[in-house]
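Trainee: I have a model open and want to learn how to read it. Where do we start?

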Amino acid sequence: MTIRRILIIDDEDDIREATQVCLEVTGEWEVLTASSGHEGLLKATAEHPDAILLDVMMPGMDGISTFQELQTNPATQDIPVILLTAKTQSAEQRQFTQLKVAAIITKPYDPFSLSLQVTQALS
Amino acid sequence: MATRKSARSQSQSSSPPQIDSLEVLLHRMMNRIRQSLDLSEILAGTVAEVRTFLGTDRVKIYRFHPDGSGQVIAESNRPRRLPSLLGQNFPAEDIPLAARELFLKARQRSIVDVTEQQIGLSPLDCLETGTLLATEDIRFRPVDPCHAEYLMAMGVRSSLVVPILHHDYLQQNRLWGLLASHHSSARRVSERELQIVQLVADQVAIAIAQSNLLSQTRAQAEQEATVNRVSWLLHSMTEMQVQQALEQTVKALQVAGGRIYISPQFEPSEHLLAQTGQLFSCGQQPLLATPAKQTKPQPIELHPEWPACLSANGSTITDVLAIADLHPLDLPPDLAEAFSTAEIRSLLVVPLFYRQQMLGYLSLFRPEIEVETLWAGRVDRNDPRNLRPRESFEVWRELKLGQCQEWAIAEIELAQALGKHFAMAIHQYGLYQQVHTLNLDLEQDIQERKQAEVKICALNAELEQRVLERTAELQRANTELIREIRERERALRERQQAKDSLKRLSRQNELILNSAGEGIYGLNLQGKTTFVNPAAARILGYEVEHLSEKFIHGIINHSQSDGSPYEWTASPIHATLIEGAAQHRTDDLFWRQDGSSFPVEYVSTSIREQSKIVGAVVIFKDITERQIVERMKDEFVSVVSHELRTPLTSIRTALGILAQGCLDTQPDKSQRMLEIAFSNTNRLVRLINDILDLERIKFGKSLMQKQACNATNLILQSVDTMRAMAEKAEVNLAVTPIAAQLWVDPDRIIQTLTNLLSNAIKFSPPQATVRVTAERRRPESFEFSVFSAAIEELATNSDQDPPLEAEDHSQPEVLLISIQDQGRGIPEDKLESIFDRFQQLDASNSGHQGGTGLGLTICRSIVQQHGGQIWVESTVGKGSTFYFTLPLHQESGVGLSK
């Protein structure tokens, strides 16, 4: 079985850490993390993970800008991106659905089904 | 020249009658004349008496015709002596004109003795002067041989001829005839006999005169009788008996035919006369050939040449026209044929005039006749001058055919008299007809007027009825009118009241419209404005009058939310005008006069009059600010949601992993998950507290427990609270207190001070100093830019107290507290936004610093609740100073102390 790698980009340390543990212990993911958009772009380019779990509201480069950068980068544009966001307003959700993301998972997510949701999104 | 001898000297052989017998003779003759009015009888008796007296063979009375000829009209013959000549005629040549002249002018008597060949002449009057001669001598001379031969041929040997004169109506002597005595043998005539015969002749003349007078009288009487009959027929009858009168006329005048033609010009009545005239006829009539296309022959009176035939000069004849013989006349062929066919030879035309008015003609016709004459011997036509005496006196019967008859004067006069009556009758009948017609018309008029009167009576009755009904109607109408007037007066009062109410309402509406914050305008069906309130004009950037009666759709450039303008017919407002349904839009755009647009919320509602759409009213308002507020609210909710969900995510994930037991074998990670869960739980509690606290402060002004507080105490108490944190962060705290009494909620002021101190410590590097100072200041001494920013901030919160007016020098002093740090500073563009909710300068540090992003917002709310202001001045890289003011307690003593 091929070990899957996923990159978590989130400015919240606790969320990044807890999510990493969650994916590692429940889905046997190899988890990469980045605390900002810039860092995430670099890691994505360098590591080319199987998937990216991307927070939206981040200081500096926010999640939307990061996604657009990923899409414009030939090295990362084929990586499925799953938005993991605490923005749940309907207008915000409509904005996200217009992006070519693999899935949108709202915070607080269900830690028991997060791995499954990611897997389904990738399939 | 014959020898003149006295008659007395030649007394005849026969003895003369005695005187007595002469007197008896004369007496008898005169008696006969007196007793008889019949001339023939008188003449017959006369000749008989004379022959008896004279004892001759024949005594006759010869009467002259107008042409000089004559006829024996009375005769007494001795039987078998001389042939009778009674009725025989003698030509005029037998007694030449000269002889007739002597008979007339000299009353010459002649005595012929054929045997002696002598003739004795005895004139009574002078031939030249006509005076009576003194003597009645008989002068003899030889008789003309022809005369003697003439007498001898007659068988006469002795003759006595005495002229019979007659005084006509002109009192002139006229030779009427001769009294002649013939004797077949010689016989002497005495003067006495001559005198007696002369006396007899004179008596005969008297008798003739009487007879003529009688005849004239009878003729006149007959004429008058005829006229009377005709007049009676014409005038006495109800209807004019023209036909019968004509028949009487024809009969009286003994003509073959007659006719009355009444000319068409005289039109007394259309009943009497036809347009072509009217013709009455009796007996023989001239008939013109019937013209083509006519059923009746045309009367001769209508022949175009007829007037010319009657008049030599072609004018209308005015007198009687008596034509004895039509043959010599140059008549038109058809007229001549008409007369000849009817065998009419003589014509008498009496024009019927009445008062110079030509009414027609009375025409009388006579046929040609056969004239039989008994002549005493046949006249030798080869001897017209009668040069030779007639040899035979044998009766010669001469028959003349085709003879015409002259019209006698009496006939003409009678016809004339009758014509006058016809004319008068026709005229009168015309008048009668006119009167009759007028009477008929009058009767008809009377009938019509009677009928009209009846109708008028009926109409009057109906009119009276109508008047009564109308009067009743008018009374009812009057009553109704009075009632209506009262109702109208009441309606007028109500209308006036309604008008007053309407006026008040209009004024109220106007005030409402003018006072309304929303823009309101009315439209007619063409989309032109019927009214615009000031708010609408103000919102759109126009004056009201610039928008009145304008096609406002084009002015405001009504557009959809994406900026694309509506076509007028596709706009919702147009739909309201057409369909009547109210339209409510919240996303459309209106454009101002300056070219800027603004989001608008409007409601367009149709205006109806009697269910018919007559326009629409549009109420709109600029929702720019509302959209900003809503956007801010959405953003706040979004941020709060995010801020709440972020720690919840960490807590839920960490606890979920632990709950699954996945980390049972990894105690370090389990511990770490617990710590994460715990710290985020705390964060969540702080966040919730801050949110609730902020809301309480914001909406709970009355909850401020204000009291007089010592400013220094408050500052020192806050510093003490934060001293542990400062020491931990190795930051120094320097306080410059001031003795001032404040009127504040001390807990809230301490919360503000600790919050600001916390931020200052949190963002200060180790060994840095955070300074807290306080001083009394007047508001006008603050820097304008800072203060104006604060004012603007206050203005955005309408539910806050009004900001202090910067220029108001009467405002009291305030306590200005400042917290100065030596941190990294705040960019200029963040100096204001950091006081907004969740506007941390660096969100990534929030978690580390334990902030919720609501601290400065809470501080601002607390300060504002106390009527103060808060702001920050900062220089990046050097540090920031937060200021806020608080009101001093006015009743407290003022003093400064360290």
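Mentor: We will take a chain, then a sheet, then a residue. Keep in mind that this is a predicted model.

Trainee: How many helices and strands are there in chain A?

Mentor: Count the elements, then read their order. Chain A has five helices and five strands. Along the sequence they follow β-α-β-α-β-α-β-α-β-α. Of the 123 residues in chain A, 41% are buried. Now take contacts between residues at least 6 apart in sequence: 59% of those in chain A join residues at least 24 apart.

Trainee: In what order do the five strands of the open sheet in chain B stand?

Mentor: Strand order first, then pairing. The order in chain B is β22-β24-β25-β27-β26, with mixed pairing. Strands β22 (732-736) and β26 (870-875) of chain B have a single partner each, so one side of each lacks a neighbour in the sheet. On average, neighbouring strands here are turned by 15 degrees against each other, direction ignored.

Trainee: Over how many bridges do β25 and β27 of chain B pair?

Mentor: Seven, in the antiparallel sense; β25 covers residues 814-820 and β27 covers residues 879-887 of chain B. One bridge joins B:Leu816 to B:Thr885 in β27(B).

Trainee: Is B:Ser122 buried or exposed?

Mentor: Count C-beta neighbours. The cut-off for buried is 20 or more within 10 Å. B:Ser122 has 24, so this residue counts as buried. B:Ser122 sits in strand β5 (residues 118-122) of chain B.

Trainee: Which residues is B:Ser122 in contact with, leaving aside neighbours within four places in sequence?

Mentor: Among them are B:Gln108, B:Glu136 and B:Leu194. As for B:Ile111, eleven residues away in sequence, its C-alpha lies 8.3 Å from that of B:Ser122.

Terms used: Residues numbered from 1 in each chain as written. Chains lettered and ligands numbered in written order. Predicted model: local features only at pLDDT ≥ 70, side-chain atom pairs only at ≥ 80, totals over all residues. Pairing = 2+ DSSP bridges. Helix = DSSP H or I, 4+ residues; strand = E, 2+ residues; numbered from the N terminus. Axes fitted to C-alpha atoms, helices over the stretch in contact; angles between N-to-C directions. Buried ≥ 20, exposed ≤ 12 C-beta atoms within 10 Å, placed from the backbone. Contact = placed C-beta atoms within 7 Å.
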